[in-house]
Structures are given as C-alpha cells and as structure tokens.
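I opened my notebook to look at how a protein fold is put together. Here is what I looked up, entry by entry.

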Amino acid sequence: MTTYTARPIAPSVLKELRTTDDAGRPMIPVADDEGGAPLRCCLRRNEPGERIALVSYAPLRRWAAETGAEPGAYDEQGPVFIHADECPGPDGDGYPFADAHRTVRRYSAEGHILGGELVEAPDDAAFHNAFDDPSVALVHVRAVEYGCFLYEVRRP
C-alpha cells in the first residue's frame, strides 16, 4: 500500500482532450501496433493494437484553474498518450511507470517550480521528502529523458 496517490488525468479533462487538446488541435487516434506507450488516463502502458492518441496537455494550467494559482511562465504543455476512447482508469494503487529514473518536480501553491529530485523510481520516500517542505502544494512525476509529465501527486 502507498501513502500518496498517483493521479491520472481526470475523466472530465480527458473528454475535453479527446475533442480538442490544450494546444487547440483535434485528437487523431491511431491503432498502436507496438504497445508500451505510457497512458496518462489509466496509468499503465498500452497493449499492442489499442487505439491511443498523442495529445498536448497542460497539467499545471488545469490545476491552476481549479485552485486559482497563477503559474505564469511555469505553465507548460507537452505531449501525453491517452486512450482514444473512454477507459475505466487505473485498476490498482502503487506508483506507475516506476521502471526507470524519474524526476519528482515540486510546485508551490502559486504554481511556481520549487525544485525537483531525481529518483531511481517514485516511492513513498520521494513524496515524503517533497512534502516535508510546507511550501510544496503538489508534485509532478516526469520522465527524465524527455521531461514528459507522467502523473501528479497532491498532499494527502
């Protein structure tokens, strides 16, 4: 059992992204013959043949809209894979995509980056370390090689 919760992209946001992504582009679904893409809707890798889409997503902008934060220049958008059709979401707890080094990037309540930590794999210790700083409101787990957003973790 884990102390913190890996948060997938919310179903209401996925519905929007499947129409128009955060860069204003329509979704283009594809049948992925290879599999292995990290899906942010259900926090698992896709199976060969599943219909997926690569869309632009602005996680901090979406969070700021909920909280009233003003991230300014820290408002990034980048590519994420999602199922092209509605899916049931994650089917377990734990920290997904823990098969490689990751960055745990910290953000303040204003949406400003407070730093980050390179970890071998996301785990309770990494999140305890981040949230030991009372000014940290949330963290993003990101891929090291491309910097892509994988999922968000908020204070419990």
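Entry: I am working with a predicted model, and I began with an open sheet of four strands in the order E7-E6-E8-E9, paired antiparallel. At its edges I found strand E7 (113-119) and strand E9 (149-154), each of which pairs on one side only. On average, neighbouring strands here are turned by 20 degrees against each other, direction ignored. A reminder to myself: strands of a sheet pair through backbone hydrogen bonds, either parallel or antiparallel.

**Entry: the pairs.** I then went through the sheet pair by pair. Strand E6 (residues 102-107) joins E7 through six antiparallel bridges, and I saw arginine 102 opposite valine 119 in E7. E6 also pairs with E8 in the antiparallel sense, over six bridges. There, alanine 143 in E8 is the bridge partner of arginine 102. E8 and E9 are antiparallel too, with five bridges; here arginine 142 has phenylalanine 149 in E9 as its bridge partner. I also looked at the hairpin of E8 and E9: it has five residues between the strands, and glycine 147 takes a positive phi near 80 degrees.

**Entry: strand E8.** How many residues of E8 are buried? I counted six of the six, so this strand is largely enclosed by the rest of the structure. In a regular strand the side chains alternate between the two faces of the sheet. I checked this in E8: Leu138, His140 and Arg142 point one way, while Val139, Val141 and Ala143 point the other way, and all are buried.

**Entry: helix H2.** Which residues of helix H2 (residues 59-67) are buried? My list reads Pro59, Leu60, Arg62, Trp63 and Ala64. These buried residues pack against helix H1 (11-17), strand E4 (51-57), E6, strand E8 (138-143) and E9. After H2 comes glycine 68, with a positive phi near 85 degrees.

**Entry: the whole chain.** Last, I stepped back. The protein chain has three helices and nine strands, and from the N terminus on they run α-β-β-β-β-α-β-β-β-α-β-β. Its C-alpha trace spans about 45 × 30 × 25 Å along the principal axes. For 156 residues, a compact globule would have a radius of gyration near 15 Å, and the chain agrees with its 15 Å. I noted that 44% of the 156 residues are buried. Among contacts with a separation of 6 or more, 61% are between residues 24 or more positions apart. The accessible surface comes to about 8100 Å², and carbon and sulfur atoms hold 51% of that.

Methods:
Residues are numbered from 1 along each chain as its sequence is written. This is a predicted model: local features need pLDDT of at least 70, side-chain atom pairs count only at pLDDT 80 or more; totals for chains, interfaces and linings use all residues. Side-chain values use heavy atoms; hydrogens and water are left out. Two strands pair if DSSP finds at least two bridges between them. Helices (H or I, at least four residues) and strands (E, at least two) are DSSP runs, numbered from the N terminus. Axes are lines fitted to C-alpha atoms, for helices over the stretch in contact, and angles run from 0 to 180 degrees between N-to-C directions. Buried means under 20% relative accessible area, exposed over 50%, partly exposed in between (1.4 Å probe, protein chains only). Contact means heavy atoms within 4.5 Å. The radius of gyration is taken over C-alpha atoms; the globule rule is 2.2 Å times the number of residues to the power 0.38. Accessible areas come from the Shrake-Rupley method with a 1.4 Å probe; for residues, only the protein chains shown count as cover.
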